Amino acid sequence: MRLINTKDHYGLISILLHWSVALLTIGLFILGLWMVDLGYYDDWYYQAPWWHKGLGFIVFLLVVLRWVWRPIAGKPKAISSTPVWQQWAAKAAHQLMNIAIVLLAITGYLIVTAKGEPLGIFDWFNIPAISKLTVETSDLVSRLHLWSGYFIIALASFHALAALKHHFINKDATLRRMLNL
């Protein structure tokens, strides 16, 4: 298996970055929805946010790494049977998902640091707060965080359905080359 992309396939690094971001984002979405309903005496009341913050930071770093990696690795050529508008839509969907992940990271940081306390990442290090937020601003940021998560999941679902359509209906290599088959 190749590490770097070729004209026909994605390389191992691009594939690992893609699927790591995808699976971690889905997991973080589920964890986020679940943890907000935990009670104070629940065993996961403190553990779930600890994992959510740490993994969220890792996803943010992976997205930044993908942005750095892409110009280095190049991109496989478009599949000739795919209309230009679908190529554009796929590119737009990827960029919107990446931007929304960055927005989630920023809003998550602002939520955690709203009272002026630092954001701890897996007990490895702290990211200091840059400001305090009012209750109203904190509520707005929290809603933006939640709706950004819904947006990513909706867009990722559409993206997955499009990949399955290419695989089963168009019978082209769109999905196979991201799986390196």
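**View 1. Serine 148 and its contacts in a predicted model.** Serine 148 is in contact with Ala100, Leu103 and Leu104, leaving aside neighbours within four places in sequence. The model shown here and in every other view is predicted. Serine 148 is found in helix H4, residues 135-170. Its relative accessible area is 6%. That value is under 20%, so serine 148 counts as buried.

**View 2. Helix H4, end to end.** H4 has 36 residues, and its end C-alpha atoms are 51 Å apart. At 1.5 Å a residue the helix should span 52 Å, which agrees. The buried residues of H4 are Ser138, Val141, His145, Ser148, Gly149, Ile152, Leu155, Ala163 and His166. An α-helix has 3.6 residues a turn, so residues three or four places apart point the same way. The buried residues of H4 pack against H1, H2, H3 and helix H5, residues 174-179. Lysine 171 follows H4. The phi of lysine 171 is positive, near 55°.

**View 3. The packing of H3 on H4.** Two packed helices are described by the angle between their axes and the distance between the axes. The axes of H3 and H4 come within 9 Å and cross at roughly 155°. That makes H3 roughly antiparallel to H4. The cut-off for this label is an angle over 145 degrees. H3 passes H4 in a left-handed crossing.

**View 4. Helix H2 and its buried residues.** H2 covers residues 47-73, 27 residues in total. From its first C-alpha to its last, H2 reaches 37 Å, close to the 39 Å expected at 1.5 Å a residue. Which residues of H2 are buried? They are Ala48, His52, Gly54, Phe57, Val59, Leu62, Val63, Arg66, Trp69 and Ala73. Glycine 74 follows H2. The phi of glycine 74 is positive, near 75°.

**View 5. The packing of H1 on H2.** What is the angle at which the axes of H1 and H2 cross? They cross at roughly 155° and come within 9 Å. H1 and H2 are therefore roughly antiparallel to each other. Their crossing is left-handed.

**View 6. Tyrosine 40 and tyrosine 41, one of the aromatic pairs.** A search of the whole structure finds 13 aromatic pairs. Tyrosine 40 and tyrosine 41 form one that is edge-to-face. The rings are 5.1 Å apart, centre to centre, with 85° between the planes. Tyrosine 41 has a relative accessible area of 77%. That is over 50%, so tyrosine 41 counts as exposed. Ring pairs link Tyr40, Tyr41, Tyr45 and Tyr46 into a cluster.

**View 7. The pair of phenylalanine 57 and phenylalanine 125.** Phenylalanine 57 and phenylalanine 125 form an edge-to-face pair, 5.5 Å centre to centre, with 70° between the planes. The pair links distant parts of the chain: phenylalanine 57 lies in helix H2 and phenylalanine 125 in strand S2, 68 residues apart. Phenylalanine 57 is among the buried residues of H2. Phenylalanine 125 is partly exposed, with a relative accessible area of 35%.

**View 8. The surroundings of phenylalanine 125.** Phenylalanine 125 has its place in strand S2. It touches Phe57, Leu119 and Gly120, not counting residues up to four places away in sequence. How far apart in space are phenylalanine 125 and tyrosine 45? They are 21 Å apart, C-alpha to C-alpha, and 80 residues apart in sequence. Tyrosine 45 belongs to the cluster that ring pairs form with Tyr40, Tyr41 and Tyr46.

**View 9. The whole chain, for orientation.** The secondary structure comes to 5 helices and 2 strands. From the N terminus on, the elements run α-α-α-β-β-α-α. The C-alpha trace spans about 55 × 30 × 30 Å along its principal axes. Of the 181 residues, 32% count as buried. Among contacts between residues at least 6 apart in sequence, 68% join residues at least 24 apart.

Definitions and conventions
Residues are numbered from 1 along each chain as its sequence is written. This is a predicted model: local features need pLDDT of at least 70, side-chain atom pairs count only at pLDDT 80 or more; totals for chains, interfaces and linings use all residues. Side-chain values use heavy atoms; hydrogens and water are left out. Helices (H or I, at least four residues) and strands (E, at least two) are DSSP runs, numbered from the N terminus. Buried means under 20% relative accessible area, exposed over 50%, partly exposed in between (1.4 Å probe, protein chains only). Contact means heavy atoms within 4.5 Å. The expected span of a helix is 1.5 Å times one less than its number of residues. Rings of Phe, Tyr and Trp (its six-membered ring) pair if their centres lie within 6.5 Å; planes under 30 degrees apart count as stacked, over 60 as edge-to-face and the rest as tilted. Axes are lines fitted to C-alpha atoms, for helices over the stretch in contact, and angles run from 0 to 180 degrees between N-to-C directions. Angles under 35 degrees count as roughly parallel, over 145 as roughly antiparallel, 65 to 115 as roughly perpendicular and the rest as oblique. A crossing is left-handed if the near helix is turned anticlockwise from the far one by less than a right angle, and right-handed if clockwise.
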